[in-house]
Amino acid sequence: MADMLARRRALLGPNVPLFYEEPVHIVRGEDVWLWDADGKRYLDCYNNVPHVGHCNPRVVDAICKQAATLNTHTRYLHDGILDYAERLTAKMPESLSTILLTCTGSEANDVAMRMAEGMTGKRGIIATDATYHGNTALVSQLSRSNIPEVGFGLGDYIRHIPAPDSYRSPDPDGAAFAASLQTAIDDLNASGHGFAALVICPYFVNEGFPDLPKGWLDEAARIVRAAGGLLVADEVQPGFGRIGSHFWGFERQGITPDIVTLGKPMANGHPVGGVVTRPEIMARFREAFRYFNTFGGNPVSCAAALAVLDELEEKALPDHAARVGAYAQERLSALRQKHEAIGDIRGEGMLFGAELVTDRSTKEPATALTTKVFNTMRQRGFLMSSLGRAKNTLKIRPPMPFAQGHAEMLFDTLDEVLTQLAPS
């Protein structure tokens, strides 16, 4: 391990992120399991990249067959990208009927920002103050915790508004969020940049996935349209059936965005991202920007992405996520009754967790405890993480085949770890 870390620093440079105080050297994966170099098995309770399971046979077979037949770019005609476009847009509202494929979610969000500029003639972008939308020069500025020391001054075009927090700052109808949005729009207009887009994850996952009712974003969406801007929904985390009740996070909210951006889970780890939008927005983008992506939409990527859709549909994985998620909520509720360190529980489908506090009355974030918990869980063979503004919310976001039996193992062990680290 020490040798590998030294080689990593020498070859990749300093500060390359790693999970856990004691990093995991993973050598093999299957379904919801990972194995390290010493043969230890881990239950993957975190990764949404292998959306339909690590090394899913259907996806592996699709990649191998297509790679053995043809792989090229989209300046040549091939059926795969058209087949995928038809299948994916059929799962969207009728207005969202055109797609552009990229290699990453970062690229997808970058393209979405250019689409917004092309349609509005403005450059001002609004995001929450506890989010993440990627790492290009532009979209990296959307993350307040990720703003680089140097840059191109692109932050001048961005405004941040408070992320929703259903636990500490309830905003039952979204009125406070909408008011902050209007203030940010007014500021962008006064600055001369104008307002182009609001970019949000409709489930606010990185913000700690607060408990928000359907319709919570209605007023915000109305304000965006009234101001002439576009609403961009980043579905990298809640999309593709993860939340169980709906295939997309924006569906759960009952809104129709102007642009939807996609990434991580699209092709089960094969690098695929995408942008889905209305035909007039796509046409304007194609006219205003010279854009070509060598690898985006190649036949192998499309074969992998199609296989993911097949797996989701034939195995009814969104319905499965809803059932397992309901069980997870029962177990989390029982843990909250037992452990004073759990201040709040929330989530839906295959995305759930608990916010840890030092005192329920003050709701003081227990960030240090949260870090100890997920590192101890790693030692016990369970991979998970944390998120939220204070990084005190346990983030459990497993591959979609994660079953009730896996959840039982997870919560039984979490109960033991909390008893050990935070005895009531």
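Which side chain does a polar contact of 2.8 Å join to that of Asn109? The partner is Thr261, where a polar contact is a pair of N or O atoms within 3.5 Å; within protein, one must be able to donate a hydrogen and the other to accept it, and residues adjacent in sequence count only if both atoms are side-chain atoms.

Colleagues, this is a predicted model: local features need pLDDT of at least 70, side-chain atom pairs count only at pLDDT 80 or more, and totals for chains, interfaces and linings use all residues. Residues are numbered from 1 along each chain as its sequence is written, and side-chain values use heavy atoms, leaving out hydrogens and water.

I stay with Asn109, which lies in helix α4 (residues 105–120); helices are DSSP runs of H or I with at least four residues, numbered from the N terminus. Asn109 is buried, at a relative accessible area of 1%, buried meaning under 20% with a 1.4 Å probe and protein chains only. Its side chain also reaches the backbone oxygen of His133 at 2.8 Å.

I turn to the nonpolar cores, sets of buried Ala, Val, Leu, Ile, Met, Phe, Trp, Tyr and Cys residues joined through side-chain atoms within 4.5 Å. The largest has 92 residues, and Leu88 and Phe240 are among those with the most contacts inside it. Helix α9 (residues 299–314) gives the largest share of this core, 9 residues. Apart from it lies another core, of 24 residues, including Leu100 and Val139.

Leu88 itself is in contact (heavy atoms within 4.5 Å) with residues including Ile99, Trp248 and Leu309, leaving aside neighbours within four places in sequence.

Terms used. Buried means under 20% relative accessible area, exposed over 50%, partly exposed in between (1.4 Å probe, protein chains only). Helices (H or I, at least four residues) and strands (E, at least two) are DSSP runs, numbered from the N terminus.
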